[in-house]
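Please read the sequence and the structure side by side. The paragraphs that follow start from a single residue and then widen to the chains and their contact.

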Amino acid sequence: MGLFSRTIGGLRALVRRPRVEQELDEELRAYLESAADQKIAAGLSPDQAARAARVELGSLAAVKDATRDVGWESGFETLLRDVRYAWRSLRTDPGFAAVAVLSLALGIGANTAVFSVLNALLLRTMPVSDPASLVELRPRGMFISFPMYLDLRAAQQVFTDVTATQRERLFRLTIPSSGAAIEIDNVPISAVTTNFFAVLGVNPAIGRLFTPGDDGPAESAESNGSVIVLSDAFWARQFGRDPDVIGRTVRVGRSTCRIIGVAPPAFTGARVGERPDAWVPLAPFAQKNGAESRRGTFSAEIARLRPGVSVQQAELAMTTLFQQLLRSEGIIDNASTRWMRLTPAGAGIDSGARLTYSVPLAIVMAITILVLLIACANVANLLIARGAARQGELGVRLAIGCGRSRLIRQLLTESLVLSALGACAGVGVAYWGTAALLQLMNGGDATVRLDVSPDLRVLLFVIAVSVITGISFGLVPARRATNVDLVASIQGARRSGGVSRQRLSRTLVAGQVALSLLLAIVAGLLVTSVRNLHGFAWGFRPEHVAVFALQHNPVSREPDALANAANAIAHRVQAVPGVDSSSVSMVLLFSTADQRTSIHIPGYLTPPGESTGLDPSGRALVLVRFNPVSPGFFETVAMPLLAGRTFDDRDRRGAPRVAVINQSMARRYFGDQNAVGRTFFAQPEPRSQESIEVIGVVGDSKYNNLREDVMPMFYAPIAQFPRTMSGLHVRTQLPLAAIAPSIRRAIADATPDVMVLNVSAMADHVDRTLSAERLIMRLSTFFGAVALLLAGIGLYGVLAYQVARRTGEIGVRLALGATRRIIVRLVLHETAATVLSGVALGLALALTTTRWLRAFLFGLSPTDASTIATATVILIACSALASYIPARRAAGVDPNVALREQ
Amino acid sequence: MAPEQPSAIVQGTLDMLILKTLALEPMHGYGIGVRLEQISRGVFQVNAGTLFPAFRRLERDGLIKAEWRATENNRRAKYYALTAQGRSHLKRTTRDWEAQTAAIARIMQATIGEL
């Protein structure tokens, strides 16, 4: 009751404020009149009575204030007034406001951008029913093949159901239309079991989603056709949200699929980092050998816990089941060491993006928090100087009876207005920053696709950050500014509170210097390590090499057909004008793929630990890397030939089987003697028991990433080891853009089965494997520079203020015979103390924190002396620059003018 | 949001005293102040800075209501009167107050022999 009537009363007072005020005025007037009447009755003259009544009442304004303060609405009104006042006072000092808002916008915006990406990567819950009961099945030290998944699903009791999804794959999608069919390359499509949407609890936007009837035997999609569910984004992009799309057919690769439904707009898939354009049923799209082999690796499984079953219970039950299954499979002999972990899947499951980017993004978040701290210190310093300039104003307000807490509240409101403006501008920075961050993460390629649209969590983050920021940079300056010596401030003396204010400013600047130094050191470490990674010999030369990532979906997997396709592409591309040399390969250099195979080497005594098993005839096998390539590979990527020869057209299908090995393989398995002419046996082509002759040795090279150790490896002619192709390497003097179209055409002419996924220069392609390092490097460099700039501004501000304050003193010193040099030294001496204490703090910070970067560094330690020294020198040089101008101004003081002003 | 009230009146009892005054007859602001001073024989001197916030508070809580009327000197003044709710509130607080003061008095007069 009381709360209700107070709320209503307060609202009424807000809406009818003029009338309420007027009524209060009238009531007070009536009060005074009544008081005067009584005093007249007691014998005073009307004038005396009126004055006595006024004296008795005291300050009219105070009574009115106290009366207004009864309702909650007065607090609200005060806030509005303070905000208006803050706005006006900021407008009188646009320079200050601009610098403060800009540095806050940068700090808040950068944090928001990183948080948006982290939110999308780690926190955002999928728009599914009861996300908390979804778990991912993660077998430790094992995999789940498709037949194993079916067995587990049938036998388990702890889940309502289990679904399986494969990584998204890129397909060529053909949309038949009245005119020419529309062909779209590189459409990401995810294959899922038909219970996928039902287990997640996702309902269609239109049409229907998969039902068990949409299944089919493996590989049946191509022959029998299948069905497809579109994502909302793809539906909008390709079909303009036409509801008649249901029932139409599209071709996925070579399979005709009927569109049965569209997923809701918010649902972008279950794997974070992927955003499929469509989903197809897994079984009919699976290759026979993948879906039916009990040893085939497979996919990820998501399950929904039965109500009342805890994760621990389910984990235990699934582990038992998994071990039983492994024993009956007889794949491994130590089944009891394998177990099943269940991890929460409500926020989606990892496609690799979390593994790659969680730690780098956490480091980047730490960097942006440092930037925000620096920005806060900067704004706090500006506020301190402003507080000093407003001593007169604040002194007067305190003198006429304004409470100190009231003044602090008003100054804090000003800070909050600043941080709110900063946050508004920061949202703009974040919008741009999020896009830039994603671009950096992808190295220009959309390989990690995240839904970074802002949600409630991001909004709350921005509000929380701006409020915390506003209070943290505003509170101390506000307390300082209101701690005024009233008499001195009104008399116009400007030195009151000077010493402690200076100390605070200098502490803040020292803090800025420390954090800037830390950022500079981080940037230096990353720059040096990326240079180290680039600087040592890769074993091949990336200059003038273009790489084409290919997707090969052959009609026939017959070895002859595969060999012919490779041959056709190799020859057509070789004929393109401008191509110096080229080679197709099963594995693209520096891709995530890595092919290994077991070989037997006659004459090599395999140490017990090294053997990976025995071949059918009981010979010991060792595991090596291999890559089938077409002739011209070594010439194209400029891998040096150390002995023998490389492949040429003699090494056809049917010709004697040959291989080129790398130096590590030669040294390890053939000793120091010449390996050329020696032989080994490889599994890749099971039908063939023919031995393979080593015809050449090439230098070692980095293969998948720059950090790895070189592994023994052999190259084989793709004609003799036919495989699907995933890479084309081209050596050319022409720019990429000039030659790419004609090569694309040559590929399309050679076979319709091969789709170009992307084209890049080899150097960029390799760099992409360093995307985490480059992400940290670029951001720490950028923010390090910003931090240095802010610290410079802070230092300059403090010194300039100090010089202005000490003009009189400097004048006296000059008049008494001090030289300009002494004055400069005097000013710089104080700077030096501030900067050096900042440097000391920064070094201490760096020495204790840079070890978190160890995983991203190469060829130097986290406390690399020369990097730290360089950063320190740069920082001190910048500080000297920032102090030079105020110092010169101090030296330029005219003693006459200065003394006259005193 | 509670305003600081430098007042000779025991903290929290002003509202009760105003309600009691108004229980006798509707009065305007100055009259209430004078009446409090008279009845307490000058012990309580209540100024406008204390009274007006109290009026606003009681009116907000629906315990008193106000109307503009002519005074005995034929001036316009705002007269306050108890509402039904105010009357029952006064009854309740009076009961509480009596119980409390009796208890306090007993404590204050206690001697060692009574324990």
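Asn186(A) sits in strand S4 of chain A, residues 182-192; strands here are DSSP runs of E with at least two residues, helices are runs of H or I with at least four, and both are numbered from the N terminus. The model is a predicted one, in which local features need pLDDT of at least 70, side-chain atom pairs count only at pLDDT 80 or more, and totals for chains, interfaces and linings use all residues. Residues are numbered from 1 along each chain as its sequence is written, chains are lettered from A and ligands numbered from 1 in the order in which they are written, and side-chain values use heavy atoms, with hydrogens and water left out.

Asn186(A) is not a glycine, yet its phi is positive, at about 60°. Its relative accessible area is 25%, so it counts as partly exposed (buried is under 20%, exposed over 50%, partly exposed in between, with a 1.4 Å probe and protein chains only). A positive phi, near 65°, also belongs to His544(A), a residue other than glycine. His544(A) is found in the loop between helix H19 (498-535) and strand S14 (545-552) of chain A. With a relative accessible area of 44%, His544(A) is partly exposed.

Chain A as a whole has 29 helices and 25 strands. Its C-alpha trace spans about 130 × 80 × 60 Å along the principal axes. The radius of gyration of chain A is 37 Å, whereas a compact globule of 902 residues would have one near 29 Å; the radius is taken over C-alpha atoms, and the globule rule is 2.2 Å times the number of residues to the power 0.38. Of the 902 residues in chain A, 51% are buried.

Chain B has four helices and three strands, in the order α-β-α-α-β-β-α from the N terminus on. Of its 115 residues, 37% count as buried.

How many residues of chain A are in contact with chain B? The contact joins 32 residues of chain A to 25 residues of chain B, where contact means heavy atoms within 4.5 Å. The two chains bury about 2500 Å² between them, with 57% of it on carbon and sulfur atoms; buried area is the accessible area (1.4 Å probe) that two parts lose on being put together, summed over both. Glu27(A), Tyr31(A) and Val70(A) supply 27% of the area that chain A buries against chain B, more than any other three residues.
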